[in-house]
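Student: Could we go through this protein together, beginning with the whole chain and then turning to single residues?

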Amino acid sequence: MIKAVISGTGLYTPPAIIENDELVEAFNQYVELFNNEHADEIARGEVAALQPSSSAFIEKASGIKRRHVIDRDGILDPHRMTPYIPERSNDEPSVQCDMAVAASKEALAQAGKTAADVDAVIVACSNLQRPYPAIAIEVQEALGIEGFAYDMNVACSSATFGLQAAVNSVENGAARSVLVVSPEICSGHLNFRDRDSHFIFGDACTAILVEREEDTKAGQGFEILGTRLKTKFSNNIRNNFGFLNRADESGIGKADKLFIQQGRKVFKEVSPLVAETIQGHLASLSLSPDNLTRMWLHQANLNMNQLIARKVLGRDASVEEAPVILDAYANTSSAGSIIAFHKYKDDLKAGDLGVICSFGAGYSIGSVVVRHR
């Protein structure tokens with residue numbers, strides 16, 4: 001039986017950082033401009049006055065303190081509040097391709113492999129820069145990889161769903177090694193004018209190399225013991241932007257063409273579903289939560305992660321058991337749990353067990369149980 005192993009991980013982090021105070025200052029300037037412009041309508045009760053934000057509100061609601069972004073100037077301009085990412089010619093690599101190549105090179109170096117050792121590329125992320133040609137095929141070309149490549153999108157669970165696809169390809173013999181890359185430019189679909197969500201997202205890209213166990217060194221990486229995926233339809237997290245947008249002018253520019261969510265409902269509905277999925281997955285592998293050394297959870301909300309960990313373990317988790325990176329990175333969609341894995345895996349010992357778990361729009365949940373070799 002062929003066994004799949006995670007032999008290397010990589011991370012690309014944009015250099016630009018926005019602190020909560022900076023984001024709040026820009027948002028509150030926008031609020032003041034809006035309320036002044038619509039003062040008469042507000043006075044007549046025809047338009048609701050916008051309320052200011054605060055760093056204390058953001059940190060209490062999410063645990064986020066700062067985020068990395070592709071562009072900060074456009075976001076912090078109260079007259080724009082959208083990142084400025086210039087279009088590139090068709091002869092230039094796409095922004096997502098550049099991010100993917102940087103993260104992939106680190107994953108390959110960590111695994112001690114080159115592009116010649118890779119048979120496939122899966123670009124798995126919540127938003128793709130274009131419908132076609134696939135970003136994954138562009139990344140494949142940029143890295144000089146033979147074989148095949150394709151894109152996939154399962155929102156915040158894209159990376160774990162991509163991991164399962166990679167495991168399947170390795171275990172069934174379709175590929176000896178697969179790169180799973182998640183270039184997330186979340187600032188591009190975030191409504192920075194919405195008080196309830198303007199602070200949520202950041203930008204980053206992760207890469208994971210999945211290989212046959214026989215192609216790795218003894219003790220290298222993490223054996224993938226099993227994957228489990230679950231989806232359940234919900235409108236509580238949604239983005240309606242797409243190729244049909246231009247077919248009805250009345251919808252262009254509406255709030256639902258960017259990220260929208262009903263946060264309280266998501267918190268209430270997703271948390272128990274994630275905990276049950278992890279517990280059921282462990283049980284199917286004849287494991288229990290007590291066997292876990294680490295939980296690399298999706299990095300969207302600190303309170304949510306603490307609740308999920310408590311439900312899984314039956315007690316509060318330590319920061320070592322459930323590490324947090326969203327304070328510095330914010331929510332990077334599917335990249336979040338992989339960033340946590342990338343940064344907090346090297347201290348584990350041979351035989352230590354962990355679970356990489358993502359959850360988000362769909363609803364979608366991906367659970368990957370691993371054991372340090």
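Tutor: The conversation below moves from the overall fold to selected helices, strands and loops. This is a predicted model, in which local features need pLDDT of at least 70, side-chain atom pairs count only at pLDDT 80 or more, and totals for chains, interfaces and linings use all residues. Residues are numbered from 1 along each chain as its sequence is written, and side-chain values use heavy atoms, with hydrogens and water left out.

Student: How many helices and strands are in the protein chain?

Tutor: The protein chain has 11 helices and 13 strands. Helices (H or I, at least four residues) and strands (E, at least two) are DSSP runs, numbered from the N terminus.

Student: And what radius of gyration does the chain have?

Tutor: The value is 21 Å, which agrees with the figure near 21 Å for a compact globule of 373 residues. The radius is taken over C-alpha atoms, and the globule rule is 2.2 Å times the number of residues to the power 0.38. Along its principal axes, the C-alpha trace spans about 70 × 55 × 35 Å.

Student: What percentage of the residues is buried?

Tutor: Buried residues account for 53% of the 373. Buried means under 20% relative accessible area, exposed over 50%, and partly exposed in between (1.4 Å probe, protein chains only).

Student: What about contacts between residues 24 or more positions apart?

Tutor: Such pairs supply 78% of the contacts with a separation of 6 or more. Contact means heavy atoms within 4.5 Å.

Student: Let us turn to H7. How many of its residues are buried?

Tutor: Helix H7 covers residues 158-171, and 11 of its 14 residues are buried. Among them are Phe-161, Leu-163, Val-167 and Val-170.

Student: What follows H7?

Tutor: Gly-173 follows H7, and its phi is positive, near 90 degrees.

Student: Which residues does UniProt list for the synthase III N-terminal domain?

Tutor: An unreviewed UniProt entry lists residues 150-229 for "domain: Beta-ketoacyl-[acyl-carrier-protein] synthase III N-terminal". UniProt positions are given in the numbering used here, feature names are shortened, and annotations may be inferred rather than shown by experiment. Over residues 150-229 the chain is 18% helix and 38% strand.

Student: And the C-terminal one: which residues does that annotation cover?

Tutor: The unreviewed entry assigns residues 283-371 to "domain: Beta-ketoacyl-[acyl-carrier-protein] synthase III C-terminal". That span is 30% helix and 25% strand, and its end C-alpha atoms lie 15 Å apart.

Student: In which sense do E11 and E12 pair, parallel or antiparallel?

Tutor: Strands E11 and E12 (residues 353-360) pair in the parallel sense over 5 bridges; two strands pair if DSSP finds at least two bridges between them. Met-295 has Val-355 in E12 as its bridge partner. Strand E11 (residues 292-297) is mostly covered, with 5 of its 6 residues buried.

Student: Changing topic, is Asn-20 buried or exposed?

Tutor: Asn-20 is buried, with a relative accessible area of 4%. The residue lies in helix H1 (residues 20-37). Not counting residues up to four places away in sequence, Asn-20 touches several residues, including Ser-55, Ile-64 and Arg-67.

Student: And where is Pro-272?

Tutor: Pro-272 is in helix H8 (residues 263-284) and is partly exposed, with a relative accessible area of 25%. Leaving aside neighbours within four places in sequence, Pro-272 is in contact with Phe-267 and Lys-311.

Student: Which peptide bonds are cis?

Tutor: Two can be named: Tyr-132 to Pro-133, with omega near -5 degrees, and Gly-362 to Tyr-363, with omega near -10 degrees. Pro-133 is in the loop between strand E4 (120-124) and helix H6 (135-143), and Tyr-363 is in the loop between E12 and strand E13 (364-372).

Student: What is the phi of Ser-286, and of Ser-333?

Tutor: Ser-286 has a positive phi of about 60 degrees, and Ser-333 has a positive phi of about 55 degrees. Ser-286, in the loop between H8 and E11, counts as exposed at 69% relative accessibility. Ser-333, in the loop between helix H10 (326-329) and helix H11 (335-343), is buried, with a relative accessible area of 1%.

Methods:
The expected span of a helix is 1.5 Å times one less than its number of residues.
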